[in-house]
Amino acid sequence: MNSLELYQEILHTSWDEREDLRAGHVEKLVRCILAELHTPPFLVKNSPFLSACAQERITIVDAWFTVSAVVSCLRDPSYHPGHSRHVMYLFRGVRVRNEDTLRHETRRLLRTIKFLLPRQPEEILNESEETPVSVYEKERLRHAEARMAHNLALSKARQKEDASLLQSVYSLEPAVMKLTKEFESLRTSIQSESEMRFIQILIHQYHQIADALEYHMAKASVSDNEDYYNAVLNYDDFLCDIADALALFGVEEIISDPGTPFDGSIHSVRGTKEFSPRHTIVRKSLRSGFRRGEAVLEKERILTEVDHASRN
């Protein structure tokens, strides 16, 4: 029985089952899809269920959750999709208001699966046949984690360098401590005035570009104009360039993974005015924040959700 047949059987037999049984069906469906994906030649179309998702023949809630769970399992084999709070909405034909957003996210996740699968030797020979869009997006995905790691290393190195310099200065003999402190005060004043002014300019430009990206991506994702969509993707490269420049000044990007506990010192919540910080976690990072050492220059913009585990 392939994944699509299994899904159809689940629809016919489990629509009124308890949540714990529904979780078991999710685990079984995801394992079936993973088995299909890990069968040579390691293609997304190996899975009938994923092919049906690409053709939008699967209820959007079921498609989005299942494809997202497959991506999570490919990245972390220990991940269990049945533990998600969304299980209760599956296999019921539930309709939601943000279906267009979920469809866009599902298409993006399907492209991501392609790059997480093992590569066949013939894939390397056939790379010249790929479209410019697929090659471009592949390179973006491959270099995204390396870029973040590089920037983090740069900012940490700068912070370590500053800390080492201060330690050396304060280890001098007491006779020169007064002069050293005066020099440090002058140095800090000059550095803060010049560097912080430039840092604030870069952060302001970052937000201007991010605003443009959000506005145009909403239109490009539903447009049939491939050139428009590719042009909008360039905005993300501009944001990366600014983050790279900020890292050279010891400024670190704040990007929280889903499930991270809410921290009011670095998080700015969007879309929710009343919530309990003790029982709130990050659902999605909307826009990076920035900090320099202990000083938070710009809070990360996030969407939140209730951490049900903390309430038990």
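**Figure 1. Helix H9 and its buried face.** Helix H9 runs over residues 226-247, and its 22 residues reach 32 Å from the first C-alpha to the last, close to the 32 Å expected at 1.5 Å a residue. Please keep in mind that this is a predicted model. Which residues of H9 are buried? They are Tyr 229, Val 232, Leu 233, Leu 239, Cys 240, Ile 242, Ala 243, Leu 246 and Ala 247. Looking down the axis of H9, you will find these buried residues within an arc of 160°, so they line one face of the helix.

**Figure 2. Helix H5 and its buried face.** Here we turn to helix H5, residues 99-116. At 1.5 Å a residue, its 18 residues should span 26 Å, and the end C-alpha atoms are 25 Å apart, which agrees. The buried residues of H5 are Glu 99, Leu 102, Thr 106, Leu 109, Leu 110, Thr 112 and Ile 113. Seen down the axis of H5, they fall within an arc of 165°, so these buried residues line one face of the helix.

Figure 3. Glu 56 sits in the loop that lies between helix H3 (48-54) and helix H4 (60-75). Is Glu 56 buried or partly exposed? With a relative accessible area of 46%, Glu 56 is partly exposed, because buried would require under 20% and exposed over 50%. Leaving aside residues up to four places away in sequence, Glu 56 touches Arg 103 and Arg 107. Glu 56 and Thr 106 are 50 residues apart in sequence, yet their C-alpha atoms are 9.6 Å apart in space. Thr 106 is also one of the buried residues of H5.

**Figure 4. The pairing of helices H1 and H2.** The axes of helix H1 (residues 3-13) and helix H2 (residues 19-37) come within 9 Å and cross at roughly 170°. H1 and H2 are therefore roughly antiparallel to each other, since an angle over 145 degrees counts as such. The crossing in which H1 passes H2 is left-handed. On the H1 side, the contact is made by Ser 3, Leu 6, Tyr 7 and Ile 10. H2 contributes His 25, Lys 28, Leu 29, Cys 32, Ile 33 and Glu 36.

**Figure 5. The chain as a whole.** Of its 312 residues, 36% count as buried. Among the contacts in the chain with a separation of 6 or more, 68% are accounted for by residues 24 or more positions apart.

How values were computed. Residues are numbered from 1 along each chain as its sequence is written. This is a predicted model: local features need pLDDT of at least 70, side-chain atom pairs count only at pLDDT 80 or more; totals for chains, interfaces and linings use all residues. Side-chain values use heavy atoms; hydrogens and water are left out. Helices (H or I, at least four residues) and strands (E, at least two) are DSSP runs, numbered from the N terminus. The expected span of a helix is 1.5 Å times one less than its number of residues. Buried means under 20% relative accessible area, exposed over 50%, partly exposed in between (1.4 Å probe, protein chains only). The arc is that of the directions from the helix axis to the C-beta atoms. Axes are lines fitted to C-alpha atoms, for helices over the stretch in contact, and angles run from 0 to 180 degrees between N-to-C directions. Angles under 35 degrees count as roughly parallel, over 145 as roughly antiparallel, 65 to 115 as roughly perpendicular and the rest as oblique. A crossing is left-handed if the near helix is turned anticlockwise from the far one by less than a right angle, and right-handed if clockwise. Contact means heavy atoms within 4.5 Å.
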